[in-house]
Amino acid sequence: MELLYALVLGVLTSCAVYLLLRARTFPVVVGLTLLSYAVNLFLFAMGRLATGLPAIIGSSQEYADPLPQALVLTAIVIGFAMTAYVLVLALRAQGELESDHVDGKGDR
């Protein structure tokens, strides 16, 4: 299971890097979103999540660590806000420059 999880993280990250290196704005936005998904999954994996364990120290011999869950929840909210902001910037740049290239120069 860990191998499958690592492969999924690797595929998500490699697809995100490929899309980030494209010259168009929409693939860059999708690449940033994929990269944020990969980071969220990585944070979940580092947290060693367990099912059915209490999140309070002292009530049981083992407990679930709530910090990775809080980090991922915060990252989801920040990622959504960042995606919305980048999309608005991309639409504004496309309207003013009449091009969706990231450098603003257009097709040549």
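What share of the 108 residues of the chain counts as buried? I looked it up: 20% are buried, meaning under 20% relative accessible area with a 1.4 Å probe, protein chains only.

Notes on the source. The model is predicted, so I kept to local features at pLDDT of at least 70 and side-chain atom pairs at pLDDT 80 or more, while totals for chains, interfaces and linings use all residues. I number residues from 1 along each chain as its sequence is written, and side-chain values use heavy atoms, without hydrogens and water.

Next, the elements. I found 3 helices and 0 strands, taken as DSSP runs (H or I, at least four residues; E, at least two). From the N terminus the order is α-α-α.

Then I took helix 1 (residues 2-20) against helix 2 (residues 25-46). Their axes, lines fitted to C-alpha atoms over the stretch in contact, lie 7 Å apart at about 155 degrees. The two helices are therefore roughly antiparallel (over 145 degrees). I listed their contacts (heavy atoms within 4.5 Å). On helix 1 they include Tyr5, Leu9 and Leu12; on helix 2, Pro27, Val28 and Phe44 are among them. By class I get 18 nonpolar, 2 polar and no charged residues; Ala, Val, Leu, Ile, Met, Phe, Trp, Tyr, Cys and Pro count as nonpolar, Asp, Glu, Lys and Arg as charged, the others as polar.

Buried residues here include Thr25, Val29, Thr33 and Asn40. Helix 1 and helix 3 (66-97) are among what covers the buried residues of helix 2.

Key
Axes are lines fitted to C-alpha atoms, for helices over the stretch in contact, and angles run from 0 to 180 degrees between N-to-C directions. Angles under 35 degrees count as roughly parallel, over 145 as roughly antiparallel, 65 to 115 as roughly perpendicular and the rest as oblique. Buried means under 20% relative accessible area, exposed over 50%, partly exposed in between (1.4 Å probe, protein chains only).
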